[in-house]
Amino acid sequence: MTYENSLTFAQKADQEDPLRKWRSEFHFPQINGQDAYYFTGNSLGLQPKRTRSFVEEEMKKWETYGVEGHFVPKERPWLKFHEASKESLAKIVGAKPIEVVSMNNLSVNLHLLMVSFYRPTKERFKIICEAGAFPSDQYMFESQLHFHGLNPDEALIELKPREGENKLHIEDILSAIDEHSNELALVLFGGLQYYTGQLFDMKTITEAGHKAGAFVGYDLAHAAGNVPLQLHDWNVDFATWCSYKYLNSGPGNVSGIFVHERFAHDTDLPRFAGWWGHDEGERFQMKKGFKPMPGADGWQLSNVNVIGTAAHLASLQIFDEVGMEALREKSLKLTGYLEFIIDQLSGEDKLFEIITPRNPEERGAQLCIFFHRNGKLMFDYLVEQGVIGDWREPNVIRIAPAPLYNSFEDVYHFGRLLKEAIEKYADA
Ligand SMILES: *Cc1c(COP(=O)(O)O)cnc(C)c1O
């Protein structure tokens, strides 16, 4: 695609976009009497119009059946509700249905999966992760290490980009794994770095981690529904993600987990147990002795949050209809267009620069723009003009055109408004 920074080009690109009809399936916040220029699908995805009816369906069941809603309804009785998302989730993360389930929230699931996959010994106790991980993940590491009586300064190896660079080179990740291989218990990365937008080579990292004798897992908060994943084929041990970013399932909604099929019947793996993970056939016998369900289901603790999961299902239905491949194809073009426009505007004096990797294979929808001066003034102007983006102190804007509902025209207008902001505030 040869880009042009013009409204005519953007409108033509939208006309030719095979996914253009999906935009009208979402509610856009209204600002100044029109659809916002919404670029924060990486933080909270927009509400699909069909979500309300999915939620109302469960409200109706509750109204009609009370507790019998667990058994009586023909469509998705609550007892089986956790099964409804499996096929769709499996497609999104490249898994088998037995390997995935939606449950709890992301930080909770990280901790639960650490119980199974981080079992430090005297010799093997180190964890490798990326430096500057999302705060929740940092607190998770720190508290897990304290829980095991370990010192995070010794046990946690945080990999930083090379001096003066923003991305982590795969060679550097591999050599760190190699260097610590005798003491390494776990490699746990954000699959797509939430801040820089770097997409890691999970296949290669997983292989190396396994070769070193460690477990390998991923926090896919920014990857699920954004980039195609092949967790099963990559041999990833475990992963977890949230559903409210690119997966458009609503604020704080249910998370998902992946546990590789090779652990599906592994009852030796330690885990924290609850009744919803117990053998379905016996769940209501209320007996002693935990017998996990096979696969990811065996990590469930509590009965399903039905209302939230209903909203999740509405969104997953859209992903089923669109498919990750078509989504990625559009995403590459759309984010490429954003990159083209930002580069044009940054000008000779490099007022700002993109710190997300330039190689489209090493990123998803999001670009992270680093301002060398007056970023906040320009950002505030964008907000006034109807742009919803994400400001990170001290000088970064993250912009994520979501391929399901953002258009080339949105990106064009972002550029038009950024140009105005530059004219007004670059030298203010
Ligand atoms: C968004 C995000 C979280 C949020 O965790 P919750 O438990 O859903 O509040 C955690 N980790 C990463 C990497 C994220 O991007």
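**Reading the spaces**

Analyst: Happy to. The largest cavity is lined by Gly 41, Gly 225, Tyr 246, Asn 248, Phe 319, Leu 327, Ala 402, Pro 403, Leu 404 and Tyr 405. Keep in mind that this is a predicted model.

User: How is empty space found in the first place?

Analyst: A probe the size of a water molecule is rolled over the atoms, and that shows where empty space is left. Here, one cavity of 30 Å³ or more turns up, and the largest cavity has a volume of about 50 Å³.

User: What classes of residue make up the lining of the largest cavity, and where does it lie?

Analyst: Its lining has seven nonpolar residues, three polar and no charged ones. Domain 1 (7-35 + 324-425) and domain 2 (54-321) both contribute to that lining, so the cavity lies between them.

User: What about the pockets: how much space lies in the largest pocket?

Analyst: About 340 Å³. It is lined by 19 residues, and the closest to its centre are Pro 161, Asn 166, Tyr 195, Thr 196 and Ile 355. By class, that lining divides into nine nonpolar, five polar and five charged residues. Domains 1 and 2 both give residues to the lining, so this pocket lies between them.

User: And which residues lie nearest the centre of the second largest pocket?

Analyst: Leu 199, Phe 200, Asp 201, Met 202 and Glu 361, out of 19 lining residues. Helix H7 (170-179) and helix H8 (202-211) are the elements that give two or more residues to this lining, and H8 gives the most, with three. The volume of the second largest pocket is about 280 Å³, and its lining has 11 nonpolar, two polar and six charged residues. Both domains supply lining residues, so this pocket, too, lies between them.

User: Now the annotations. Which residues does the UniProt "binding site" annotation cover?

Analyst: The unreviewed UniProt entry puts that label on Leu 106, Ser 107, Phe 134, Pro 135, Ser 136, Asp 137, Asp 219, His 222, Tyr 244, Trp 275 and Asn 303. They are spread over 198 residues of sequence and also in space, up to 30.8 Å between C-alpha atoms.

Conventions: Residues are numbered from 1 along each chain as its sequence is written. This is a predicted model: local features need pLDDT of at least 70, side-chain atom pairs count only at pLDDT 80 or more; totals for chains, interfaces and linings use all residues. Side-chain values use heavy atoms; hydrogens and water are left out. On a 1 Å grid over the protein atoms alone, a cavity is a set of points where a 1.4 Å probe fits but cannot get out, and a pocket is an open set with protein on both sides within 12 Å along at least five of seven lines; lining residues have an atom within 4 Å of a point. Grid points are joined across faces, edges and corners, and a volume is the space filled by probe spheres set on the points. Ala, Val, Leu, Ile, Met, Phe, Trp, Tyr, Cys and Pro count as nonpolar, Asp, Glu, Lys and Arg as charged, and the others, Gly among them, as polar. Domain bounds come from an automatic or database domain assignment. Helices (H or I, at least four residues) and strands (E, at least two) are DSSP runs, numbered from the N terminus. UniProt positions are given in the numbering used here, feature names are shortened, and annotations may be inferred rather than shown by experiment.
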